[in-house]
Amino acid sequence: MRRLGLNEIREEYLEFFESKGHLRLKSYPLIPNNDKSLLLINAGMAPLKDYFTGVKKMSKNRATSSQKCIRTADIDNVGKTQRHGTFFEMLGNFSFGDYFKREAITWAWEFLTEKLEMDKNLLSVTVYEEDDEAYDIWRNEVGLSAEKIQRLGKEDNFWELEVGPCGPCSEIMYDRGEKYTNPDDRFMEIWNLVFTQFNKMEDGRYEKLQNPNIDTGMGLERTNCILQGKTSVYLTEVFTPIIEKIEELSGYKYGTDGEKDKSV
């Protein structure tokens, strides 16, 4: 596995999807533009809703970005888990009615196992319980064994915001070993492949999209944590200078008290 830093991972990802014909996008502002459904941008696809629904068009029907995000729903978990942050970057590759599940799945596998050189034996996936197509691609084309593919229900494997494009998804997990007693810490989710097939309306109805889309989100900080062999995202090179400054100002040594660590 390659020991890449955060900035190197970001560039490797964007270059990889540019090589697959994607248009590289800059990160949109954290404050949404003309979107009253969100207070803050919380996912790579959030600023791109009009492209998923076909209201707007880009010069290409596929794009890639590293989007700055704040996910308010996760704030209560910050400091309690080893993987949640207030502010984070989400790597994404998107298809606006162009390619679909096969390309999204096989390219994700190629990037993780060939570009980042992750051990294939340490990767496993989940799929939506009704999504036989995604299951068959993982099983028969990628070649994952059946025990490495788990079918889960809507709560776990159907991605949606309050309104807008949504659909079943497939998550990729990395096994960090038996030393992690919490399953969520051991099997860290690093990438979510969302197959947007519907548009969720304000009244809760799901309208089928004329052209299905791809929306993927890969956690930059989580991937950095794994490649650096760290136990927590907070121990990677992006966070440690901030923690060291807090230690200097507070006189408290990070890692000596679990409750105080949450405050840090």
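## Helix packing and a buried asparagine

The model is predicted; local features need pLDDT of at least 70, side-chain atom pairs count only at pLDDT 80 or more, and totals for chains, interfaces and linings use all residues. Numbering runs from 1 along each chain as its sequence is written, and side-chain values use heavy atoms, without hydrogens and water.

**Exercise 1.** Describe how α1 packs on α3.

*Solution.* 
1. Take the geometry. α1 (residues 6-18) and α3 (residues 101-115) pack at about 130°, axes 11 Å apart.
2. Find the hand. The crossing is right-handed.
3. List the contacts (heavy atoms within 4.5 Å). E12, Y13, F16 and F17 of α1 meet W107, E110, F111 and K115 of α3.
4. Sort by class. Five residues are nonpolar, none polar and three charged.

**Exercise 2.** Describe how α3 packs on α4.

*Solution.* 
1. α4 covers residues 132-142; its angle with α3 is about 45°, and the axes lie 10 Å apart.
2. That angle makes α3 oblique to α4.
3. α3 and α4 cross with a right hand.
4. From α3 come K101, R102, I105, T106 and W109; from α4 come E133, A134, I137, W138, E141 and V142.
5. This contact has six nonpolar, one polar and four charged residues.

**Exercise 3.** Is N213 buried or exposed, and what does its side chain reach?

*Solution.* 
1. Locate N213: strand β9 (residues 206-219).
2. Its relative accessible area is 1%. N213 is therefore buried (under 20%; exposed is over 50%).
3. The N213 side chain reaches the backbone nitrogen of G97 at 2.7 Å.
4. Residues touching N213 include F52, F100 and V194.

Conventions:
Axes are lines fitted to C-alpha atoms, for helices over the stretch in contact, and angles run from 0 to 180 degrees between N-to-C directions. Helices (H or I, at least four residues) and strands (E, at least two) are DSSP runs, numbered from the N terminus. A crossing is left-handed if the near helix is turned anticlockwise from the far one by less than a right angle, and right-handed if clockwise. Ala, Val, Leu, Ile, Met, Phe, Trp, Tyr, Cys and Pro count as nonpolar, Asp, Glu, Lys and Arg as charged, and the others, Gly among them, as polar. Buried means under 20% relative accessible area, exposed over 50%, partly exposed in between (1.4 Å probe, protein chains only). A polar contact is a pair of N or O atoms within 3.5 Å; within protein, one must be able to donate a hydrogen and the other to accept it, and residues adjacent in sequence count only if both atoms are side-chain atoms. Angles under 35 degrees count as roughly parallel, over 145 as roughly antiparallel, 65 to 115 as roughly perpendicular and the rest as oblique. Lists of a residue's contacts leave out its neighbours within four places in sequence.
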